[in-house]
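Open the model in your viewer and keep the selection tool at hand. The tour moves from stop to stop.

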Amino acid sequence: MTKPFKTLDDIGEVRGRRVLVREDLNVPMADGQVSDDTRLRATVPTVAELADRGAIVLVLAHFGRPKAPTPELSLAQIVRPYGELLGRPVRFVDWEGAADAVATMQPGDIAVLENTRFFPGEEKNDPAVIDRFAALGELYVNDAFSAAHRAHASTEGLAHRLPAFAGRAMEAELDALAKALGNPEHPVAAVVGGAKVSTKLAVLKHLVGRVDHLIIGGGMANTFLAARGVNVGKSLCEHDLTSTADEIMDSADRAGCTVHLPYDVVVATEFRANPATRTVNVHEVAADEMILDVGPSAVEALADVLKNCRTLVWNGPMGAFETSPFDAATVALARTAAALTQDGSLVSVAGGGDTVAALNQAGVAGAFTFVSTAGGAFLEWMEGRELPGVAALTR
Ligand code: ADP
Ligand code: MG
């Protein structure tokens with residue numbers, strides 16, 4: 001089937017051609033070392049394939065949020081670890097004299113260009129900055145889904161200036177997301193958790209019209225419970241949003257989407273590791289208690305819901321998973337989803353910073369169909385918004 005965007009299969013002969021490849025190299029650093037190279041590893045398929053096909057590979061990426069060029073945010077420090085990971089030499093090219101440096105490169109050579117955000121116009125999608133970038137290359141590949149929710153010169157503008165293609169990581173991400181919400185197999189379940197309703201309002205509103213089961217957990221479930229008249233004690237709860245929660249439940253009703261709220265919960269009077277806890281019906285939360293996790297009976301019922309679904313999208317943990325033992329519901333439900341995925345009965349797609357951490361903690365991230373590490377871009381996609389970097393790649 002033809003994809004809605006062009007990929008490296010459509011790019012044609014690249015031997016000796018200069019290809020600008022937008023990647024996400026924005027890795028966390030500690031003491032001058034890369035402390036987590038997940039993002040670097042995600043770039044390898046595209047960069048290695050293009051180099052193997054004889055392209056002159058010019059990697060474009062931002063690093064941090066510079067106000068002005070500064071050595072602390074120079075991509076020069078990424079080049080050595082990146083080359084070690086790729087198992088090939090990688091050059092660093094500063095913006096000063098970039099054209100001359102690129103002119104000396106040979107087929108198969110790889111260079112990382114300096115931080116795109118050293119140009120103030122990068123984030124403004126300034127045509128002059130697009131010109132600067134475009135002058136260096138002949139073709140453009142966007143492989144950075146995580147930056148695709150921004151219309152910047154290197155993420156969006158360039159796609160209109162040069163022939164544009166999705167890289168392998170971008171392609172995998174877009175394929176997985178299309179399978180989960182674009183044209184999914186029904187029934188579809190969404191798990192939405194996390195701390196607050198206010199950060200996920202647009203997600204919830206979009207999902208009720210698309211999924212068959214909306215499973216609400218985490219702190220945000222408290223607001224929904226409060227809207228239903230439950231006394232949530234000292235729990236995290238946005239009391240000013242209870243009427244919004246009601247509206248979401250009403251529109252779910254109208255759309256034929258079943259909303260699942262926990263009916264038993266794990267509570268404690270203090271929020272710390274391993275306090276005294278009780279597992280109670282939601283109607284039995286005492287005034288000095290807070291809800292910190294979904295209870296085991298609710299988790300069992302939710303597992304049965306997932307068993308009858310073909311597709312799952314998941315954002316947000318079911319409880320305060322960083323603090324023991326309030327990871328229990330998240331871990332149990334994640335293991336169920338992973339097992340169903342491995343059995344071939346469920347397509348499971350998850351994303352969100354804390355969600356990825358929770359799935360890693362449960363040891364099941366690799367058993368999901370796809371786990372997106374793109375925080376903001378993943379959420380905007382779950383809100384049903386068009387991502388400018390993706391739209392610019394569309395045929
Ligand atoms: P993501 O980063 O995956 O989008 P969020 O940032 O929305 O997820 O939510 C994650 C946070 O929600 C975690 O820090 C977790 O501790 C918190 N959380 C989940 N359930 C509760 C709860 N019942 N009470 C307080 N905090 C909670
Ligand atoms: Mg978060």
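**Stop 1: the ligand.** Select ligand 1 and the residues around it. This is a predicted model. The ligand is surrounded by 18 residues, and the closest are Ala195, Lys200, Glu322, Asp354 and Thr355. Colour this shell by class: 6 residues are nonpolar, 9 polar and 3 charged.

Now look at the polar atoms. An oxygen atom of ligand 1 lies 3.0 Å from a polar backbone atom of alanine 195. For asparagine 315, select the side chain: one of its N or O atoms is 3.2 Å from an oxygen atom of ligand 1. At alanine 320, go back to the backbone, where a polar atom is 3.4 Å from a nitrogen atom of the ligand. On its own, ligand 1 has 580 Å² of accessible area, and the protein covers 83% of that.

**Stop 2: the elements around the ligand.** Select α8 (218-227), β14 (290-294) and α12 (353-362); each of them supplies at least two residues of the shell. Which element gives the most to the shell around ligand 1? It is α12, with 3 residues.

**Stop 3: the nonpolar cores.** In soluble globular proteins, nonpolar side chains tend to be buried together. Here the largest nonpolar core has 81 residues, and Phe145 and Leu214 have the most contacts inside it. Select phenylalanine 145 and show what it touches: beyond four places in sequence, its partners include Met170, Leu174, Leu177, Phe378, Trp381 and Val390. Glu173 and Ser372 are also among them. Then find the second, separate core, which has 30 residues, including Ile215, Leu340, Ala365 and Phe368.

**Stop 4: alanine 377.** Select helix α13 (residues 375-382), which holds alanine 377. Is alanine 377 buried or exposed? Its relative accessibility is 0%, so alanine 377 counts as buried. Beyond four places in sequence, alanine 377 is in contact with Phe145, Ser146, His149 and Leu387. The C-alpha atoms of alanine 377 and alanine 148 are 6.4 Å apart, although 229 residues separate the two along the chain.

**Stop 5: glutamate 122.** Go to the loop between β6 (110-113) and α4 (127-134), where glutamate 122 is found. Glutamate 122 is buried, because its relative accessible area is 0% and buried means under 20%. What does the side chain of glutamate 122 make a polar contact with? The partner is the side chain of serine 154, at 2.6 Å. Finish by showing the other residues that glutamate 122 touches, among them Arg22, Arg117, Phe133 and His152.

Definitions and conventions
Residues numbered from 1 in each chain as written. Chains lettered and ligands numbered in written order. Predicted model: local features only at pLDDT ≥ 70, side-chain atom pairs only at ≥ 80, totals over all residues. Heavy atoms only, no water. Near = heavy atom within 4 Å. Polar contact = N/O pair within 3.5 Å; in protein donor to acceptor, adjacent residues only side chain to side chain. Areas by Shrake-Rupley, 256 points an atom, 1.4 Å probe, with all protein chains shown as cover. Helix = DSSP H or I, 4+ residues; strand = E, 2+ residues; numbered from the N terminus. Nonpolar A, V, L, I, M, F, W, Y, C, P; charged D, E, K, R; others polar. Core = buried A, V, L, I, M, F, W, Y, C linked by side-chain atoms within 4.5 Å. Buried < 20%, exposed > 50% of the residue type's maximum accessible area, 1.4 Å probe, protein only. Contact = heavy atoms within 4.5 Å.
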